Amino acid sequence: MADIRLEVPAENSVLEVLYDGTELYQQPPTMSENLTQLARKIDFATDGEEVTTEEKKEEEEEEEKQPFQQPHWPLEEVRNKVRQALTEMSVLHDLLVIVKQKPPQYMVLDPVHAEPPEQKNYIQFLALKKSLQSAATILLNGAERLRTSQAEMGRPNRTVQDFHIELLRLRQNWRLKKVAKTIIGDLSYRSAGSMFRHTGIFEVSKADEGAGPSAVVGTGSASPISPLPSRGLQSSLRVTVPTELMGSAYIFVCIKKDEEDICSAQLNNCDFVAGDTPWQQKLEKAQNVLFCKELFSQLAREAVKLTPSIPHLVVGNQITATIFPGIHLLVGLCHSDGKNNVRGKPTTGQGPPGTCGPTSNMVGSGSGVSTGTVGGGPTPSKYKHEHDLEHSLHQLLHRVYHHSFQHPLPHPVYAPMGMSKRRRAAGPEGMDKNQWPSEISRRVATRDDIAAVIALYKANHVLREISAQTGVALQVVQNLVKRFCDLGEDELPAPLLKSGRPKLLSPRTLKVISRQVRANPSLTAREVKERNPRLLSHVSLSCVQQALHNDLGFKSFHARRKPLMTKRQKENRVKFCKKYEVWDLETWRSVLWSDEATFSMISLMKDQTLLEQIIRQVQHNFLRLRTMYVIDQLAAEFKDPLIVSHWNAFNSPTQSCVKINIVTQGYDTVLRTKLVIHIFERTLKCICRDGKIMTMSFEPQELRNLILCQISQHNMAALQVLAKYTGWTLLSSEQNIGTGAIEPLGNASTVMLASPSGNKVIGVHSGPHQRVSVYVSSSPRPDFYPSTVVMEQRWEHLGSNWQEVRLDRMEGRNFLNKMELLMAALTA
Amino acid sequence: MALPVNIPHAGETIESALKNQIVPDQEFLLQGSVLDTSLPVVIDRLRGLCDNADIPPETFHDHEVVYILKDFNAPATPGPAGQGVMLRVRRAVDHPELPYQLRYVGYPEIGNYPAVLRNCLDVPVSSNVCEFLQELGAKLDHEFMAKGYIMKKGRIKVTIFKMYKIGAGMSKDNLEAMTMSHLVELSVLTTKTDMTVAEDLRNLADQLKPLVQLERLDYRRLGPP
C-alpha cells in the first residue's frame, strides 16, 4: 500500500509581476473572506437531500445564466438566501395554522387514495402453486422417513440397530465426549494410572447407510423365515481407532537355551481382525495393543537403563535378558494389524540353520519388521510361549498403575498428600536417614559378637531376639548358628577370613610403633623407621606413614591462624551459652534438626523395576521346573527307597516349597527321612529333619547329590531301626567313615550289627555313589587251625573272615527287605 | 592452604527453596455446602469424578483446636493486625499414631482468581504442640471435631465433612452437630508461580454445579469473628 500525501503548495498564485521583478502575490483569503465563500455555497432552498445529477446540472446551468453580480457586502448572498427560506417557512406556517383551525373554516386536508395496483390473477396463481408445492415436498419427505423408521421398528428381526441405543451402550463401557460435531472417545489407561504418552483417541461415527437398508431389503424379501446372516446384527455405529493401534497384539515371552539351533523361527499370529467386527471387540483389541505397547516400551527402557553383569539386548521388538548362564529370556511384542501383516515377529537370526555355539549372547539379531506372510495354517513355532509369564508381566504393569494413583490419604486432613505414613512421622520424630527407611548399616561381626550370639543361642533364645539384642543382623546370626551346629556345637565359629591383600605390618609391629609414638609424639615417620630397623626395613617409608595415619590414627595438625575476637564477639558467645545452658532434656527433644543436618526429600525406597521383577520370577520359575525335573528323575531311577515329593499349593512368584519323603516300601513305619526344599530365585535351601540347613546353587547336580546322600543315609538309619525290631544289637554305626574307597561326593557310612546270640556279625557299607555292600562274619571260625603263633583253641571264637553277601541274588523286594531276611536267616 | 569452601546449612537451603518458590505454600480453596439429605448424591457424584472410583471413599475423624496468638494486653486495634495470628492444631482421632499438624493460613489474596488463594503453611509436629503454643502465649480460641469423607483427584484434595461441637464434659464422645449440612471443600497446594492448577479446580467445581455451589467466599462479609 502506498502512502499518498496531498500537500497544498505553500505558494500563493502570482497576480502581477512588476517591472523590477517583484511579484505581487494574491493574498490568501482572510477568515472573513473564507467564511463568505463557504456561506455562499449553502443553499437554503434545498432540504439537504441528495440531488440527482440531472437536477444538479440544471441548477448549474441556471446559475450560469444568471449574471454574476458582485455582492455589495460579503454576506449579502447569505442574507438573501436566509430571507427566502424565512419566507417559505412563514407561508407554510400560515397554511398549517389555517388547516388546523377547529372547526375547519377555510381548508381541510383530505387523504388521497392511491390507485390500486393492477390485479394479475394468473401470475399470482402460479406463484401460490409453486410455494405450496415446495412445502408439500418437504412434508412428504418427512412423512416418508417416518414411515420407513416405523417399519424398521416394527420389524421383528431387523438387522440394523438404532444408532442412539448403540451409542448409549457404548457410553456405558467407554468414555466419550462430543467435540464440535464429532464424538471422540478415550481408550487409554490414563484414568487408571498409566503414564504412557499415547492418547488413545478413537472416533465414533454412523455406519454407512447404503449397505444397511439394501441388505435388509434383500433378506426381507427372500423369506420371512430365512436364517439370520452369520455376522448377526449389523451395527449402525462405526468406530475408527488410530492406525497404530489397529489389529491385535500380545507380548511373547519365552525361555530358551543357547544350545538350541538358532534358525529363523517365525510366529504366525492367527488372530486376524476381520473387517466388520463389532465395535466392542475392536475397542478392546485396540486397548490391548496400547497396553502391550506400553508394557514393552517400559521393559525396553529399563533394559537399556539397567546394567547387570551380562547386559540385556534390545533389538527391534525384542528384548533378550540372561537369567542363568546359557539360559535366556526372550520378550517380544507381536503385533498384527488387520491387513494380514504380522509385525514384530521375533526372528532370531537369518541364514542357514546351524548351531551357534556357547559364545553367543547375540541371540536376536533379526530386526522386528518382516514382510507380511499370508496366513495359511499356523506354522509350528520353535519357541514355546509362556502364558503365565505374560500374565505376570500384565499384572506387574497393573501394579505400577495402582501405585501411581494409590497414595495414602492424609490423616489429619491438613497433612501433605502423597507421602507414606513413615515419611510423615519422620519429621516430628526426628528420624535420621539411618532410621528411615530402616536399614541397618553393614557391620562386621567381631569375636565378642560371635560369643554373645552363641551364648544366647545356647540359652534357647529365638534368633530374632538374639539379633535385636546384640545388634547383629539376622542373617549373620543365622549363619553363625548354622556354622556352630556344623561344628558339632562344641566350639565357637571363627570369624570368616577377610579378602584382599594381607597387611605388611603385623598387629604386633603396629603396637610397637604406637608405643614409641605415644611416648614421643613428635617423631617423624622416617625416625620411626630408623629406630626399628629389624621390623621396618622391608617396608617403604610411605607404608610406615600410612600405617601411622590410617591404622593408628596418628595424624599431624597445626593450629589454624584466626583473627582475634572482638569484645562484641565475646559477649555474643557468652550470651549463646547462657541461653542454652538452661535447656533440659525435654526441651532438647523438641528440636527437629540443627545446623548442617542432611535429609532427603525423595523417598529412598525404590522398588525394583519391571524388568528386574520379571527376571526374578522367570528365574524362580525356571529353577522350580528344574528342581521338579531332578526330583522326578531321581524318583524314577530309584525304586529302592521311594522318593515321594509333595509340592506346596500356595506359592509366591519368587518362592516355592517342596517336601520330600524318602521311605522304603513296606517299611514306612520304620523310618521316614524328610526334607524340605525352599526354592528361591537363584538358590535352593534344604532343611533336613535333624536341623541341618544346606544352601545350594542353581546347578541341578548339587540337588541330585544331596538327595543321593540322603538316600544312603536313610538306608543306614532304617537298618538300625530294623535291627531293633529283629533283636539284633548295634555294634557300631559310623556316618562318615574314613576308610574304604573315596566317594566322589559325600561320605560312606557303615553299620555293624550283631545277632542276638552273638555268633554272627553283619557289616554294611553304603555310600551315595557306590552300591551297598553287606558282609557277614560268624564265630566261631569254621576254619581255625592252631598254628605255631596262635596255639590255643579258644581263639576260634574271634570272628571269621568277612564274606560278602550277594544282595542281588537274594530274595527280597528292596534293601531293607533283604536285610530283614538275612537277619532272620542268620538268627536261626 | 585452606580453600574457601561454602557449606550450605539447612537454613540457607530452606530460604533458597522459599525464594525459588519450590515449597508449595499457596493454597487454592473452594467451599460450598450441601444439606445432609442430599449427601449421598454428592458422594456418588464425587466418587465418579475423583480417583479410585472403585473403592468406597475413606472417612476421617479429626479434632481441631484453634489458638490465637496476639498481645492480649494491648488495646484492640481495628483491622486485621489486631486480630492476631490464628494457628490451627489438628489431630487424627482415628489414627492416633500419626503426628499432629500445625497450620497457619493467611488472608486471601486480592485479585481475580477463580478460587480463594491464600498463603498456607502446614507443619507436622509432635504431640506436645499444644503446650508449646500455650507457652508462647497463645490462647485457645475454639475447638471442634470434623468427621467426613476425603477423596482426591490428582493434586486436588476433596473433603466433605460435618463439624461437631464438643459437648459438655471433656469426653470426646459427646458431639453435637453444629449444622444440618456438610461442608464441601476443594483445595490444592501450589507454589506462587504455578497458577494453572486453579483451572482444574474450577473445572471440578463446575462439574458439581447444580448439586453444590462451590465458590469463592469473601470472608470479610461473613463478619468479624
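**Stop one: a four-stranded sheet**

Start with chain A and select its strands E3, E4, E5 and E6: they make an open sheet in the order E3-E4-E5-E6, paired antiparallel. Keep in mind as you look around that this is a predicted model.

Now colour the two outer strands, E3 (175-179) and E6 (237-240) of chain A. Each sits at an edge with a single partner strand, so one side of each has no neighbour in the sheet. Going from one strand to the next, the twist averages 30 degrees.

Zoom in on strand E5 (residues 201-206) of chain A, which runs antiparallel to E6(A) and is joined to E6(A) by four bridges.

While you're here, click on A:Ala180, which is in the loop between E3 and strand E4 (182-186) of chain A. What is the phi of A:Ala180? It is positive, about 55 degrees, even though A:Ala180 is not a glycine. For context, most residues other than glycine have a negative phi.

Next, select strands E17 to E21 of chain A, an open sheet with antiparallel pairing and the order E17-E18-E19-E20-E21. Its edge strands are E17 (729-734) and E21 (803-805) of chain A, and each of them pairs on one side only. Ignoring direction, neighbouring strands here are turned by 20 degrees against each other on average.

A pair to highlight is A:Val776 with its bridge partner in E21(A), A:Gln803.

Then bring in the helices. Helix H20 (residues 700-726) of chain A lies across E17, strand E18 (749-754) and strand E19 (760-766) of chain A, at about 15 degrees to E18(A). Helix H21 (residues 815-827) of chain A lies across E18, E19, E20 and E21 of chain A, and its angle to E19(A) is about 165 degrees.

**Stop three: a salt bridge and a cis bond**

How many salt bridges does a search of the whole structure find? Over all chains, the count is 20. To see a salt bridge, show the side chains of A:Asp551 and A:Lys503, whose closest N and O atoms are 3.9 Å apart. A:Asp551 lies in helix H16 (residues 541-551) of chain A, while A:Lys503 is in the loop between helix H12 (474-486) and helix H13 (507-519) of chain A, so the pair ties together parts 48 residues apart in sequence.

Now jump to A:Pro103, in the loop between helix H3 (76-100) and helix H4 (121-154) of chain A. Is the peptide bond from A:Lys102 to A:Pro103 cis or trans? It is cis, with omega near -5 degrees.

**Last stop: where chain B meets chain A**

Finally, show both chains and select the contact region: 35 residues of chain B touch 20 residues of chain A. Together the two chains bury about 2,500 Å², 66% of it on carbon and sulfur atoms. Between chain B and chain A there are zero salt bridges, but four residue pairs are in polar contact.

Which elements of chain B give two or more residues to the side that touches chain A? Select helix H1 (10-19) and strands E2 (58-69), E3 (85-92), E4 (100-108), E5 (116-125), E6 (139-153) and E7 (156-166) of chain B. The largest share, five residues, comes from E2(B). Colour that side of chain B by residue type and you'll get 13 nonpolar, eight polar and 14 charged residues.

Conventions. Residues are numbered from 1 along each chain as its sequence is written. Chains are lettered from A and ligands numbered from 1 in the order in which they are written. This is a predicted model: local features need pLDDT of at least 70, side-chain atom pairs count only at pLDDT 80 or more; totals for chains, interfaces and linings use all residues. Side-chain values use heavy atoms; hydrogens and water are left out. Contact means heavy atoms within 4.5 Å. Buried area is the accessible area (1.4 Å probe) that two parts lose on being put together, summed over both. A salt bridge is a side-chain nitrogen of Lys or Arg within 4 Å of a carboxyl oxygen of Asp or Glu. A polar contact is a pair of N or O atoms within 3.5 Å; within protein, one must be able to donate a hydrogen and the other to accept it, and residues adjacent in sequence count only if both atoms are side-chain atoms. Ala, Val, Leu, Ile, Met, Phe, Trp, Tyr, Cys and Pro count as nonpolar, Asp, Glu, Lys and Arg as charged, and the others, Gly among them, as polar. Two strands pair if DSSP finds at least two bridges between them. Axes are lines fitted to C-alpha atoms, for helices over the stretch in contact, and angles run from 0 to 180 degrees between N-to-C directions.
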